[in-house]
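Subject: Handover of a protein structure

Dear colleague,

Please find below the structure that I am passing on to you.

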Amino acid sequence: MAKAVCVNGYRMPAGAGKNTRGQQTSRKRRRSPDGGDQGPEEKSSCLSAALFGEDCEISQEQLYEFLKYAALGKSQNATQPSWCRIYRQSHLAGVVVIILHEMSQLHFYKFYLQFRHLRRVFRHRFTLTPSANFPASLYGEGADPKPQNTGQGLSSSGGGCPPGRPGLQRDPIIRKYGEKKQGLTSYTLTLEEQKKNDYPIKGSPECKGYIDTECDQQRTDSSPLFGLDCEMCLTAKGNEVTRVSLVDAQGQCLLNELVKPETTVVNYRTKFSGITKKMLLPVKTRLADIQTRLKKMLPHDAVLVGHSLNSDLQALEMIHPSVIDTSLLFARNAGRRFKLKFLAKAVLGKEIQCEEKLGHDPAEDARAALELAQFFIEQGPAKVAELNLEMLLTAERLAEASQNKAPLQPQGCKIQKQATEPPQVPRACFLDCFQGTGHKPLLLGREDLTPSGLCQSNLNSSNKQILQRALSAVPQSMFSIIQFSLRPEDIASQPLAGLCGKVRSKLTDMLTIYAGPFEESFCLKSVRKEFGRCGPIQSLTVVTETYQPYVCIQYEVLEAAQLAVESLNETEVAGSCIKVQRPVTAAMLDCDVLLRELEVDVENEGVIYVAGLKKSWTETDLREEFSQLKDLETLFLPKDLQSGKHRTCCFLKFQKPESAVDALEVLSGWTVKGCKLRTRNALASGHLWRWMQQMNHSSGKQGGSISDEKMEQLPASEQDLRKKVKKLDQYIKKLYRSLQSNTLCVVLFPGVNSVQGSEAGLGLMGIKEAGGRSAC
């Protein structure tokens, strides 16, 4: 991934803002006789967010830490996030998080023109990794902020809550599997789930050379279970298997073998793997030997069980069609996962991976995973949910913290398959600490969003009712979460696959241009060269259905296609005076409007696009060439997502919009090392560039023409939904205008993460200044 290069530190200038809140705070400021703040000495908070290019993807954990710091500051062990700094956090009047339920980045760009207020106010945007239950990732739904018996740790039986506890229906295990007991086949991963979780798939290009276990017999609820676990060392090749364990349904160890890596070991990771150099010296067994033995040992209807088993099968370079993954079986909210060690203790009452042992015992881990799966199958989802694992985990962490045993969640020290488990933040502590400051968080929403101690609205509230309550309640709250929702039938009217197809089709048409007519004997190479100066080309084909040949060119970035239309239309190329135009379809009739709005988007202020570069140029080369440009802040040199090679274009971000205008004049026609540069204002900077690239590659190289639609079907659903989205934007506008100056406002499209599909989310944020816009 290309890294954004910071030429100068970016800071948003402080704007004038007043905190008119009547409640007492610890902030040092000068008060006027009437109790208000005197403006001249007031310093506003501001953001410094280096969100540019491909570095714009933010995880749930990063967002959580950001909001935690914004709400609590340096107190309560909250730390300043590295991806976005908050200057003068103590001066914030409050934090407001607006969630647009079940909407993704895809929805924002599908209804881009309707979200007029959102895109004109918030200057900072970022891609957000999707979550199955996003609100829970913000405040820890299902975890009691004040768990009982926190000094006792976990009981040996793992029982943490009496049967029939409140909120059982909202438990992620119940939502995923229901309450009734089912056979083991109900808990094996589907093909889609395996793909989503990076399991080796038969026929996949990434799995070329992998060995198939050929266990292709139909599975039944009586099929045999086998626990599998591997330990890996870091080698010149990457992670290679150095020990393999296989246990049967009775817990007997069938295989516990050391394996000699194919390449030189770089790090034995003895603390975790238990492997030492001395242990591997006499070993002659190779990976191919283990593959052969496993293939012979497994019955044709075998079901493999493991914890994050995808890592083991990837390291073994083996494909097995039927698996149960205990890290996914014991489901959690927001895509998080329990550790195997915690599950063994909470569910089975067993201590594994003890500190006094040298590394993990793969046979012990394989047996624990197998017993966990057997417990789940025999007891059923309802019994497992009644254990209230989230509460037990919080209790364990608080007990550890009180005894000063270890940090609640060490960062960056996981290896091997644990690296696939997202970091587990003690989310309940956030609310507990926040309420400990004397403030009560506010929660308003149509959905059931009821963690302990939060205010909530009527679950049947409409968006209008939520807005009315928010207008009066939010200014009195230091931390608010407001959730707006379209009706379920509105979301259902735009299924994810269909919505994605429409946006991809329109995007493809916007990236596609037609040039011609050319003479019969024209030189295609010269056409490619001329149009390539506008930016990277994804595909170029000759259209022969016309009387004279035309060329269809599909670019990789919007700026390149627009630059070609603007600079090459009615010019001479390959000996012919040509026209350059985009496809004409029903969906493209508002193309010019959309492009104009993208160009004046606040996110693109001060950003220009430069084409005509050589692929061999590095960021260092370009920084040197552009060093004379005034107020240059950041340079982003994109890379091809598949090959990793630099593209023939870059984006330059300036501290001031007027400096970008000056740079456009300076660079227009500028020759660098024999290459003539072409420039224009940016249309797709930041997170949007990468999102477009991903959609572009996933759509293949076919033309983007939309098939003829029955126009009478469009107005009934599409137009009605656009009006509702526009109304949603108006609600957010009214709420935003009611906020006090110096309030941090974050608007989140959570994204979609389900077996039906996954789409990234989108975040917009800013600190409201006196003028009404977010400070920059």
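Predicted model: local features only at pLDDT ≥ 70, side-chain atom pairs only at ≥ 80, totals over all residues.

Residues are numbered from 1 along each chain as its sequence is written, and side-chain values use heavy atoms, with hydrogens and water left out.

**The whole protein**

The protein has 26 helices and 32 strands; these are DSSP runs numbered from the N terminus, with helices (H or I) of at least four residues and strands (E) of at least two. Of its 776 residues, 55% are buried, where buried means under 20% relative accessible area, exposed over 50%, and partly exposed in between (1.4 Å probe, protein chains only). Among contacts (heavy atoms within 4.5 Å) with a separation of 6 or more, 75% join residues 24 or more positions apart.

**Helix H10**

Helix H10 spans residues 309-316, and seven of its eight residues are buried. Those buried are Leu-309, Asn-310, Ser-311, Asp-312, Leu-313, Ala-315 and Leu-316. Their cover includes helix H9 (287-297) as well as strands E8 (225-235), E9 (239-247), E12 (303-306), E13 (318-319) and E14 (323-325). Just after H10, Glu-317 adopts a positive phi of about 55 degrees.

**Gln-217**

Gln-217 lies in the loop between strand E7 (211-212) and strand E8. With a relative accessible area of 45%, Gln-217 is partly exposed. Leaving aside residues up to four places away in sequence, Gln-217 touches His-300 and Asp-301. Gln-217 and Asp-301 are 84 residues apart in sequence, yet their C-alpha atoms are 5.0 Å apart in space.

**Cysteines**

How many disulfides does the model contain? With a disulfide taken as a pair of cysteine sulfur atoms within 2.5 Å, the count is zero. Cys-650, for example, is in no disulfide: the nearest cysteine sulfur, that of Cys-649, is 7.2 Å away. Cys-650 is buried, with a relative accessible area of 0%, and Cys-745 is also buried, with a relative accessible area of 0%.

With kind regards
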